[in-house]
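Trainee: Please take one part of this model and walk me through it closely. Then show me how the side chains around the chain pair up.

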Amino acid sequence: MNTPERQDDSDHHALSPAERRRVVSAALLRPVNLLMLVVGGVIFATTLTASSLAWVILFLTLLTYASLATLAAKDPVFKRRVLQGRDAAPPGATPRKTPDISPERRAHWLPRGETREKVEDALANYRKVVTAIEQANEVTRAVLSDSVPKLHAAADRLVDVAHKKEKAAEAIRNLRSSAEFSGSDEGRKREIQGLENEIQAADTEISRMSERFLELRARIVRISIEDGSEARASAAELDFSLDSLNARLDALGETLSPPDQSPEH
C-alpha cells in the first residue's frame with residue numbers, strides 16, 4: 001500500500017507539462033495567495049518613507065506569497081480541483097452514492113424512532129454549517145473551499161451509518177426470534193454480542209453528531225473574523241477534524257454489517 005507521500009509524488013510526476021502549468025498558474029492566482037500579496041504591498045507602500053523596515057516587509061511578503069503558492073501547487077486536493085473541477089472528491093471523502101438525493105431526504109427513509117430524530121436534528125445543524133459558509137465573506141469561503149466536500153461527505157456518512165444500524169438491529173431481532181437459533185450456540189451469541197457493541201458505538205456517534213456540527217459552525221464563524229494567516233491555520237484544523245470525523249463514520253459503516261453479510265459499499 002502506498003503511503004500518502006509516495007502517492008502524492010507519483011501524482012505529481014503523472015501530470016503532463018500542460019497540467020503542471022495549469023496547477024502552478026492556479027496556485028499563483030489563488031485568491032488567498034493574492035490577498036497576502038496585496039496586503040503586503042499596501043503595508044510596504046504606506047511604510048516606505050516612514051520606516052526602514054519597509055523593504056523587509058516587502059521581502060517577507062514575497063517570500064510568504066511564494067511559499068503559499070508552492071504549497072498549493074503541491075497539494076493533491078488543490079491539483080485535483082484545478083484539473084477535475086470543484087466537484088472532484090477529496091482524499092478521505094468518497095463521492096456521494098446518490099448525488100441527486102439530499103441526506104435529509106434519505107433520513108426520512110429511516111424508521112420512525114429515536115435514531116431518526118437524532119439524525120434529523122444533526123442534519124438541521126449541518127445545514128446551519130453550510131449556511132454559515134455560504135454567507136461568509138469571499139476570503140473565508142476561499143480558505144474553507146476544501147472543507148465543504150468533506151462536510152457534505154460527513155452528512156452522507158451519518159445517514160449511511162444510521163441506515164446500517166437499523167438494518168443490523170433488525171437482523172439481530174430476526175436471529176433471536178428464529179427457530180434455528182439456540183441459546184447454547186456460543187459462536188452465534190458472540191457474533192450477535194459483537195454486533196450489538198457496534199450498534200451501541202454507532203448510536204453514541206449519532207448522538208454526538210448534532211453537537212459536533214454546532215461546534216463546526218462556531219469554528220467557521222470564528223474563522224470569518226480572523227486574519228488571513230490565523231484563518232488558514234484554523235481552516236487546516238477544521239479540515240483535520242472533518243477527516244477524523246469521516247474516518248470514524250467510515251469505520252462504523254464497515255463494521256455495521258449484519259451476520260453473514262459483507263459490508264455495504
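Mentor: Start with Leu 60, which sits in helix H4, residues 54-74. Keep in mind that this is a predicted model. Leu 60 counts as partly exposed because its relative accessibility is 45%. Together with Leu 53, Val 56, Phe 59 and Leu 63, Leu 60 makes a nonpolar surface patch of about 480 Å².

Now helix H7, residues 114-134. Its 21 residues should span 30 Å at 1.5 Å a residue, and the end C-alpha atoms lie 31 Å apart, which agrees. Buried residues of H7 include Thr 115, Val 119, Ala 122, Tyr 126 and Ile 133. Arg 116 is also on the buried list, with a relative accessibility of 10%. Arg 116 forms a salt bridge with Glu 120, and the closest N and O atoms are 3.1 Å apart. Both residues belong to H7, 4 residues apart, about one turn of the helix. An α-helix has 3.6 residues a turn, so residues three or four places apart point the same way. Glu 120 is partly exposed, at 27% relative accessible area.

Stay with H7 for the aromatic rings. A search of the whole structure finds 1 aromatic pair. Tyr 126 and Phe 213 form this tilted pair, 5.7 Å centre to centre, with 55° between the planes. Tyr 126 is in H7 and Phe 213 is in helix H10, residues 186-224, so the pair links distant parts of the chain, 87 residues apart. Tyr 126 counts as buried at 0% relative accessibility, and Phe 213 counts as buried at 0%.

Next, the charges. The structure holds 12 salt bridges. One of them joins the side chains of Asp 156 and Arg 106, at 3.5 Å, N to O. Asp 156 lies in helix H9 and Arg 106 in helix H6, residues 103-107, so this pair ties together parts 50 residues apart in sequence. Asp 156 is buried at 7%, and Arg 106 is buried at 9%. Arg 157 meets Asp 250 in a salt bridge of 2.8 Å, N to O. Arg 157 lies in H9 and Asp 250 in helix H11, residues 228-255, so that pair ties together parts 93 residues apart in sequence. Arg 157 is buried, with a relative accessible area of 5%, while Asp 250 counts as partly exposed at 35%. Salt bridges that share partners also join Arg 106, Asp 156 and Asp 160 into one network.

Finish at the loop between helices H8 (138-143) and H9 (147-177), where Ser 145 lies. Ser 145 counts as buried at 12% relative accessibility. Its side chain reaches the backbone oxygen of Ala 142 at 2.9 Å.

Methods. Residues are numbered from 1 along each chain as its sequence is written. This is a predicted model: local features need pLDDT of at least 70, side-chain atom pairs count only at pLDDT 80 or more; totals for chains, interfaces and linings use all residues. Side-chain values use heavy atoms; hydrogens and water are left out. Patches are made of residues with over 30% relative accessible area and no salt bridge: like charges are joined within 9 Å, nonpolar side chains (Val, Leu, Ile, Met, Phe, Trp, Tyr) within 5 Å. Accessible areas come from the Shrake-Rupley method with a 1.4 Å probe; for residues, only the protein chains shown count as cover. A salt bridge is a side-chain nitrogen of Lys or Arg within 4 Å of a carboxyl oxygen of Asp or Glu. Helices (H or I, at least four residues) and strands (E, at least two) are DSSP runs, numbered from the N terminus. Buried means under 20% relative accessible area, exposed over 50%, partly exposed in between (1.4 Å probe, protein chains only). The expected span of a helix is 1.5 Å times one less than its number of residues. Rings of Phe, Tyr and Trp (its six-membered ring) pair if their centres lie within 6.5 Å; planes under 30 degrees apart count as stacked, over 60 as edge-to-face and the rest as tilted. A polar contact is a pair of N or O atoms within 3.5 Å; within protein, one must be able to donate a hydrogen and the other to accept it, and residues adjacent in sequence count only if both atoms are side-chain atoms.
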